[in-house]
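Welcome! Keep the picture in view as you read.

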Amino acid sequence: MKKKGGLRLPDNLPELRDIHLPEGVSAFPLAYGWWVILLIIVAVFVLWKFYKVLRQKSKKLYALRLLTSINEPNVITSAAAMSELLRRICVYKYPQAVVLQGQEWINFLNAHSKKTQVSGKIAELLLNAPYMPLETASYDNANLNTLRSFCRDWIGENL
């Protein structure tokens, strides 16, 4: 004990300990709330991708259903409806191609088709069907089936 001005103070310095700071808080393992938030983010991302795929498939299926519903007895009427369907798809997917006509339109369709190309009599049918008289007999059902096959492939590749 030390004496200071007549008072005796206890010598308690050996009993004092250094101040220890607590350890830092670890980020892992995450609390349950963070796992829930992470799960929600992943679920939203997966649902968004699923929605986009479903929407894409539904447009393609709708266009293919329209194509199969074109079963007019007249070749010219059916070909005109197929030409209209291809134009409608281009309004949605390729707006710059809507103004194309003649050989430019055929070249555009061929450029966006990997499987089949349209040319010759089938190309003429596709181009001229909306403007031909219904009595035109220069095209038959084989030409129409070839055109239908081209349209099916083109829709499958572009939607």
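Predicted model: local features only at pLDDT ≥ 70, side-chain atom pairs only at ≥ 80, totals over all residues.

Two residues are in contact here when they have heavy atoms within 4.5 Å of each other, and a residue is buried when its relative accessible area is under 20%.

**Helix α4 and its partners**

- Which residues of α4 are buried? They are I122, A123, L125, L126 and L127.
- One partner of α4 is α5, and the residues of α4 that meet it are K121, I122, L125 and L126.
- On the α5 side of this contact you will find N143, L144, T146 and L147.
- Sorted by class, the contact between α4 and α5 contains five nonpolar, two polar and one charged residues.
- The two helices pack at an angle of about 80°, and their axes are 10 Å apart.
- Angles from 65 to 115 degrees count as roughly perpendicular, and α4 and α5 are therefore roughly perpendicular to each other.

**The largest nonpolar core**

- In soluble globular proteins, nonpolar side chains tend to be buried together.
- In this model, the largest nonpolar core has 33 residues.
- Which of its residues touch the most other members? They are W105, F108, L109, L125, L147 and W154.
- At least two residues of this core come from each of α1 (32–69), α2 (75–93), α3 (103–111), α4 (120–128) and α5 (141–158).
- The helix that gives the most to the core is α2, with eight residues.

**The whole chain**

- How many helices and strands does the protein chain have? Its secondary structure comes to five helices and two strands.
- If you read along the sequence, the pattern is β-β-α-α-α-α-α.
- Along its principal axes, the C-alpha trace spans about 130 × 25 × 20 Å.
- The radius of gyration of the chain is 38 Å, whereas a compact globule of 159 residues would have one near 15 Å.
- Of the 159 residues in the chain, 26% count as buried.
- Take the contacts between residues at least 6 apart in sequence: 60% of them join residues at least 24 apart.

How values were computed:
Residues numbered from 1 in each chain as written. Heavy atoms only, no water. Core = buried A, V, L, I, M, F, W, Y, C linked by side-chain atoms within 4.5 Å. Buried < 20%, exposed > 50% of the residue type's maximum accessible area, 1.4 Å probe, protein only. Helix = DSSP H or I, 4+ residues; strand = E, 2+ residues; numbered from the N terminus. Axes fitted to C-alpha atoms, helices over the stretch in contact; angles between N-to-C directions. Parallel < 35°, antiparallel > 145°, perpendicular 65-115°, else oblique. Nonpolar A, V, L, I, M, F, W, Y, C, P; charged D, E, K, R; others polar. Rg over C-alpha atoms; globule rule 2.2 N^0.38 Å.
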